[in-house]
Amino acid sequence: MSISLPSLLPALPSVARLPGPFRCRTLDFWAALCNANEQNCIPLCGKGEERVSHEDRQFVEAFARGMQLFEVLSKQKKSMSNSDLARATGMPPSTISRLCYTAMKMGYLRHSGGGRAYELTPKTLNLGYSVLSGMALIDRATPLLKVLAEKTGQTAGLCVLDKLHVTFVQVVVGEDLLAVRFAVGGRMPVATSAAGIAMLSIMPEKERRILASRIRSELNRHDGNVSAFNALLQQSINDSGLAFARDIWRRGIGAVAVGISSDNELAAITIPFATGSVSEANMRSVLAPILKEAVQELMAD
């Protein structure tokens, strides 16, 4: 079982509203994370993530280690052993053992694979639920996603910006046998996703320049294609928030997306597809007009 956690920290203020015994147990869990192996230094960000200065006195590295553990587990479609987690996070196996033991005691992890591996439990969904329930755009966009999936046979999704990534907050899977399957919580880099380019293109110019500069820095750091990113962004700006992507995130995957801004919420409606089944001509002449018309109806409501 794989559960994605696009954001855990925004859910923590809701702890204060829990009944006494549950509140104490939850706060004890986070405290245990913060006490775990304070002296070990680990990478505090993944590829494309914002780096945090070790000189920041307000930053609790042990807490970040606990968050990193959850992020690694949430991206896997299978359970992970202690050694798997140690390799993926750079943490010592002893630290992994203590963090996993604490999370299991709190009900956020459970044993799998005969007791030799760990996987997330459904309880982790509570941590991100308040984030999704607070997005009014999800309720408005869901009927539209269903219509898009029915008309095109492809998957339709609603994405929001998450630093240098986009996160799917709602998905309706298409019935086409070759439809690309995404799940709520799935993430993609802004630089290589149509949804990310679409959102970036409709941002106020000053904000767009700042974020685009950070993205270019990350692309340069990881030998990414800055020229392709610049071309896609400029095209989307010229097309008023319509963006295309083919084979730049993963070979065989493409997408068309339209950026939207509603009630201070920045988002994008996207239709991902298999490039082997949808030609560039059909992407532009069939999928794009259907998507643009649907988004116009959404924004007119």
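Reader: What is the bridge partner of Ala-245 in β8?
Author: Ala-255. This is a predicted model.

Reader: In which sense do β7 and β8 pair, and over how many bridges?
Author: Antiparallel, over five bridges. Strand β7 covers residues 242-246.

Reader: How many residues sit between β7 and β8 in the hairpin, and which turn residue has a positive phi?
Author: Six residues separate the two strands. Asp-247 in the turn has the positive phi, about 60 degrees.

Reader: Now β8 and β9. How many bridges join them?
Author: Ten, and the strands run antiparallel. Strand β9 spans residues 265-274. Gly-254 stands opposite Phe-273 in β9.

Reader: And the turn of that hairpin? Which residue takes a positive phi?
Author: Asp-263, near 50 degrees. That hairpin has two residues between β8 and β9.

Reader: Why is β8 described as largely enclosed by the rest of the structure?
Author: Eight of its ten residues, 253-262, are buried, so β8 is largely enclosed.

Reader: Switching to the three-strand open sheet. What is the strand order?
Author: β1-β3-β2, with antiparallel pairing. The edge strands are β1 (80-81) and β2 (109-112), each pairing on one side only.

Reader: Which helix packs on that sheet, touching β1, β2 and β3?
Author: Helix α2, residues 61-74. Its direction makes about 90 degrees with that of β3. Helix α4 (residues 93-106) lies across β2 and β3, at about 110 degrees to β2.

Reader: How many bridges link β2 and β3?
Author: Four, in the antiparallel sense. Ser-112 has Ala-117 in β3 as its bridge partner.

Reader: Salt bridges next. What is the count?
Author: Seven. One of them joins Arg-87 to Asp-84, with the closest N and O atoms 2.6 Å apart.

Reader: Is Arg-87 buried or exposed?
Author: Exposed, at 63% relative accessibility. Asp-84 is partly exposed, at 27%.

Reader: Which residue does Glu-205 pair with?
Author: Arg-209, at 2.6 Å between the closest N and O atoms. Both lie in α8, four residues apart. Arg-209 is exposed, at 58%, and Glu-205 is partly exposed, at 43%.

Reader: Last one. Which residues are linked in a network of salt bridges?
Author: Arg-246, Glu-280 and Arg-284.

Notes. Residues are numbered from 1 along each chain as its sequence is written. This is a predicted model: local features need pLDDT of at least 70, side-chain atom pairs count only at pLDDT 80 or more; totals for chains, interfaces and linings use all residues. Side-chain values use heavy atoms; hydrogens and water are left out. Buried means under 20% relative accessible area, exposed over 50%, partly exposed in between (1.4 Å probe, protein chains only). Two strands pair if DSSP finds at least two bridges between them. Contact means heavy atoms within 4.5 Å. Axes are lines fitted to C-alpha atoms, for helices over the stretch in contact, and angles run from 0 to 180 degrees between N-to-C directions. A salt bridge is a side-chain nitrogen of Lys or Arg within 4 Å of a carboxyl oxygen of Asp or Glu.
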